[in-house]
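Subject: The structure for you to look at

Hello,

Here is the structure I promised to hand over. Please have a look at it first, and then read on for what turned up.

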Amino acid sequence: MTVYATLESPLGELLLVGEESATAPGGTALVSLSVPGQKGGAAVQDGWRHAPDAFAGIAAQLRAFFAGELTRFDIEYAASAPGTDFQRQVWAELDAIEYGTTVSYGEIARRIGASSVLVRAVGTAIGRNPLLVVRPCHRVIGSDGSLKGYAGGLERKQALLGLEGALVS
């Protein structure tokens with residue numbers, strides 16, 4: 001069964017969507033985390049159950065992150081979350097980007113062994129990341145150091161990088 005909750009944050013009201021954990025009975029695996037107005041963000045569906053308690057641990061980590069007390073999430077992602085093999089490969093590289101640092105889209109392409117021709121495909125995969133904030137796509141910037149695309153809006157990307165002390169020019 002799909003469960004959801006909302007959480008107030010400096011980015012606006014986050015929508016957390018999850019399902020029962022495959023590894024921790026009674027736990028919740030995160031399917032998506034969306035911000036208001038997010039391009040391609042989740043929306044509550046008929047049949048989903050509002051279950052804020054199911055997200056207590058995830059919410060605590062998010063609050064600690066926004067308070068500057070947490071630099072790495074320990075959250076189970078749902079195996080049923082959407083994504084192609086290529087997208088999952090790109091997203092795994094996002095998970096490896098350290099707090100407070102940034103990398104370029106081209107660097108992500110190089111890390112997965114993709115040619116420079118595939119930089120746009122890498123950007124598209126990053127743009128389809130269903131787990132904003134916790135899977136840090138906000139840490140990916142243009143090769144010239146500028147802020148480029150973010151499904152949650154560039155102002156949120158800038159706010160997240162500012163929180164992490166990784167603001168770019």
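A term to start with: two residues are in contact when they have heavy atoms within 4.5 Å of each other. By that rule, and not counting residues up to four places away in sequence, valine 3 touches Leu16, Val17, Gly18, Glu19, Thr28, Arg49, Ala51, Ala54 and Phe55.

Please keep in mind that this is a predicted model: local features need pLDDT of at least 70, side-chain atom pairs count only at pLDDT 80 or more, and totals for chains, interfaces and linings use all residues. Residues are numbered from 1 along each chain as its sequence is written, and side-chain values use heavy atoms, with hydrogens and water left out.

Now the overall picture. The protein chain holds 5 helices and 6 strands (DSSP runs numbered from the N terminus: H or I of at least four residues for helices, E of at least two for strands). Reading from the N terminus, their order is β-β-β-β-α-α-β-α-α-β-α. The radius of gyration, taken over C-alpha atoms, is 16 Å, close to the 15 Å that the globule rule gives for 169 residues, so the chain is as compact as a globular protein of that length. That rule is 2.2 Å times the number of residues to the power 0.38. Of contacts between residues at least 6 apart in sequence, 58% join residues at least 24 apart.

Of the 169 residues, 46% are buried (under 20% relative accessible area, with exposed meaning over 50% and partly exposed in between, for a 1.4 Å probe and protein chains only).

Back to valine 3, which sits in strand S1 (residues 3-7). Valine 3 counts as buried, at 4% relative accessibility. Threonine 28, one of the residues it touches, is 25 residues away in sequence and 8.6 Å away in space, C-alpha to C-alpha.

In helix H2 (residues 85-95), the residues Gln87, Val90, Trp91 and Leu94 are buried. They cover an arc of only 100° around the axis, which puts them on the same side of H2; the arc is that of the directions from the helix axis to the C-beta atoms. Their cover includes helix H3 (105-111), helix H4 (119-127) and strand S6 (140-141).

Phenylalanine 86 is also in helix H2, but at 27% relative accessibility this residue counts as partly exposed. Leaving aside neighbours within four places in sequence, phenylalanine 86 is in contact with Ile112, Ala121, Val122 and Ala125.

In helix H5 (residues 154-163), Arg156, Lys157, Leu160 and Leu161 are buried. These cover an arc of only 135° around the axis, which puts them on the same side of H5. They pack against helix H1 (56-66), H3 and S6.

As background, an α-helix has 3.6 residues a turn, so residues three or four places apart point the same way.

Finally, two backbone angles to look up. Just after H5, glycine 165 takes a positive phi of about 75°. Valine 133, in the loop between H4 and S6, has a phi near 75°, a positive value in a residue other than glycine. Most residues other than glycine have a negative phi. Valine 133 is buried, with a relative accessible area of 1%.
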